[in-house]
Amino acid sequence: MRQLDLSLYLVTDRECALGRDIVDIVEQAVQGGVTIVQLREKQCDTKQFYNIAVRLKECLKPYDVPLIINDRVDIALACDAQGVHIGQSDMPYQVVRRLLGPDKIIGLSVSNAQQLEYANTLDVDYIGLSPVFDTTTKKDTSKAIGIEGVRDFSRKSKHLSVGIGGINASNAEQVIHAGADGISLVSAIISADKPKLAAAELLNIVKQTKNNM
């Protein structure tokens with residue numbers, strides 16, 4: 001299993017791209033320090049999703065940044081992505097692992113203590129603590145767990161964790177200080193005028209916070 005760096009985890013959303021090409025934005029963000037990318041597509045058909053995934057995988061290859069596909073195991077298999085991120089209502093982890101094999105990355109969203117306890121019984125590669133703060137980017141989220149939730153879940157989890165939801169430069173330090181291994185963002189980078197600069201600023205916050213802990 002590859003070593004995962006969840007420090008700066010970018011989730012795509014073309015609605016936040018302000019009409020710009022999502023692959024171009026992602027490449028700029030990776031140049032700024034993004035360590036892992038999740039392709040999340042809820043508004044396009046399978047062929048379009050696949051085509052974007054193929055383009056993004058080729059774009060990320062020179063940077064050695066893993067591509068994670070949100071939900072769609074078929075797309076991940078088709079483009080040979082490095083992994084999949086699944087939610088609580090998606091295909092069961094055991095089935096995903098059987099389909100993808102032992103070497104692919106699988107992440108799982110966790111929103112409450114019961115889900116965390118179950119995640120600890122699984123051999124997932126990381127958990128997404130979701131949502132940390134209320135967010136308008138994703139509509140189907142549970143109640144925000146807050147910084148105290150991040151602290152509690154990170155302490156009890158046997159897996160690496162990344163905070164997701166409403167995170168930006170003003171609160172990223174709190175999330176890392178509470179115990180998350182990384183921060184996951186959408187609009188704070190995708191909607192930024194200069195994605196490379198936004199990513200660099202956020203990664204610097206993560207690194208400085210970890211160094212001071």
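In what order do the eight strands close into a barrel? I worked from a predicted model, in which local features need pLDDT of at least 70 and side-chain atom pairs count only at pLDDT 80 or more, while totals for chains, interfaces and linings use all residues. Residues are numbered from 1 along each chain as its sequence is written, and side-chain values use heavy atoms, with hydrogens and water left out.

I read the order as β1-β2-β3-β4-β5-β6-β7-β8, with parallel pairing (strands are DSSP runs of E with at least two residues, helices runs of H or I with at least four, numbered from the N terminus; two strands pair if DSSP finds at least two bridges between them). For β1 (residues 8-11) and β2 (residues 36-39) I found three bridges, and Leu 10 has Val 37 as its bridge partner in β2.

Next I looked up salt bridges, defined as a side-chain nitrogen of Lys or Arg within 4 Å of a carboxyl oxygen of Asp or Glu, and the count came to nine. In one of them, the closest N and O atoms of Arg 14 and Glu 41 are 2.8 Å apart; Arg 14 sits in the loop between β1 and α1 (22-32), and Glu 41, 27 residues away, in the loop between β2 and α2 (46-60).

I then checked burial (buried is under 20% relative accessible area, exposed over 50%, partly exposed in between, with a 1.4 Å probe and protein chains only): Arg 14 is partly exposed at 31%, whereas Glu 41 is buried at 9%.
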